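Here is a short briefing on one protein chain. Keep the sequence and the 3D view open while reading.

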Amino acid sequence: MDRVDDILAQWHRERPDLDVAPMGLIGRINRLSHHLGRGMEKTFAAHGLTAASFDVLATLRRSGRPYSLSPGDLLGTMMITSGTLTNRIDQLEKAGLVERRQNPEDGRSVLIALTEKGFAVIDATVTAHVATQARLIEGLSKQDRVALDALLSRYLKVFESGTSEGKS
């Protein structure tokens, strides 16, 4: 029994006419997301980052050499507004983690690039982040991890495939 079971039992008692099974599944996903997010935020904070700043730096790092992207390409990987991205870049630039460079292919545009300091910070952070994620899933057997990953992938595809079932 977990806390969601308690909530479901209350709803069954108060509203036996409702099928609250979806509430249980979504409630558990939400609670897990909260717990996982808190665990990862601690790792980011230990490296002077937030989830938002980690997202930008990690996107640049995994893009490969020369570790730079246009603001539009960065924006395409994140579910944020351009104003929010500009603010994140400004903050990271102030911290010396990224810099704006003139685009060699188009002198009218800029690229956002990792600085040496930014590269070092994101490499250290992503190493710690992967260790944190491993710790966060250690309560599951390898078999359960594989099964859960497959189920979640299939469920996520419903939303990301553009089918009517997944549109919210």
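Helices (H or I, at least four residues) and strands (E, at least two) are DSSP runs, numbered from the N terminus. With that numbering, Tyr67 sits in the loop between α3 and β1. The model is predicted.

**The loop between α3 and β1**

- Pro66 belongs to the loop that links α3 (51-62) to β1 (68-69).
- The peptide bond leading from Arg65 into Pro66 is cis. Its omega is near 5°.
- Tyr67 is placed in the loop between α3 and β1 as well.
- Tyr67 is not a glycine, yet its phi is positive, at about 55°.
- Is Tyr67 buried or exposed? Its relative accessible area is 13%. The cut-off for buried is under 20%, so Tyr67 counts as buried.

**The three-stranded sheet**

- Strands of a sheet pair through backbone hydrogen bonds, either parallel or antiparallel.
- Here, three strands form an open sheet in the order β1-β3-β2, and the pairing is antiparallel.
- A hairpin of two residues connects β2 to β3.
- Which residue of β3 is the bridge partner of Leu69? It is Ile112.
- Ile112 of β3 is also the bridge partner of Arg100.
- Gln102 has Val110 of β3 as its bridge partner.
- α3 lies across β1, β2 and β3. The helix runs at about 105° to β3.

**The α2 and α6 pair**

- Two packed helices are described by the angle between their axes and the distance between the axes.
- For helix α2 (residues 21-46) and helix α6 (residues 116-136), the axes come within 9 Å. They cross at roughly 150°.
- Angles over 145 degrees count as roughly antiparallel, and α2 and α6 are therefore roughly antiparallel to each other.
- The crossing of α2 past α6 is right-handed.
- On the α2 side, Leu36, Gly39, Met40, Thr43 and Phe44 make the contact.
- On the α6 side, the contact residues are Thr125, Ala128, His129, Thr132, Gln133 and Leu136.
- How many residues of the contact of α2 with α6 are nonpolar, polar and charged? Five are nonpolar, six are polar and none is charged.

**Around Glu93**

- Glu93 lies in helix α5 (residues 82-94).
- Its relative accessibility is 31%, so Glu93 counts as partly exposed.
- Leaving aside residues up to four places away in sequence, Glu93 touches Val98, Glu99 and Arg100.
- Arg100 returns from the sheet, where its bridge partner in β3 is Ile112.
- Glu93 and Thr115 are 22 residues apart in sequence. Their C-alpha atoms are 9.1 Å apart in space.

Notes. Residues numbered from 1 in each chain as written. Predicted model: local features only at pLDDT ≥ 70, side-chain atom pairs only at ≥ 80, totals over all residues. Heavy atoms only, no water. Buried < 20%, exposed > 50% of the residue type's maximum accessible area, 1.4 Å probe, protein only. Axes fitted to C-alpha atoms, helices over the stretch in contact; angles between N-to-C directions. Parallel < 35°, antiparallel > 145°, perpendicular 65-115°, else oblique. Left-handed = near helix turned anticlockwise from the far one by under 90°. Contact = heavy atoms within 4.5 Å. Nonpolar A, V, L, I, M, F, W, Y, C, P; charged D, E, K, R; others polar. Pairing = 2+ DSSP bridges.
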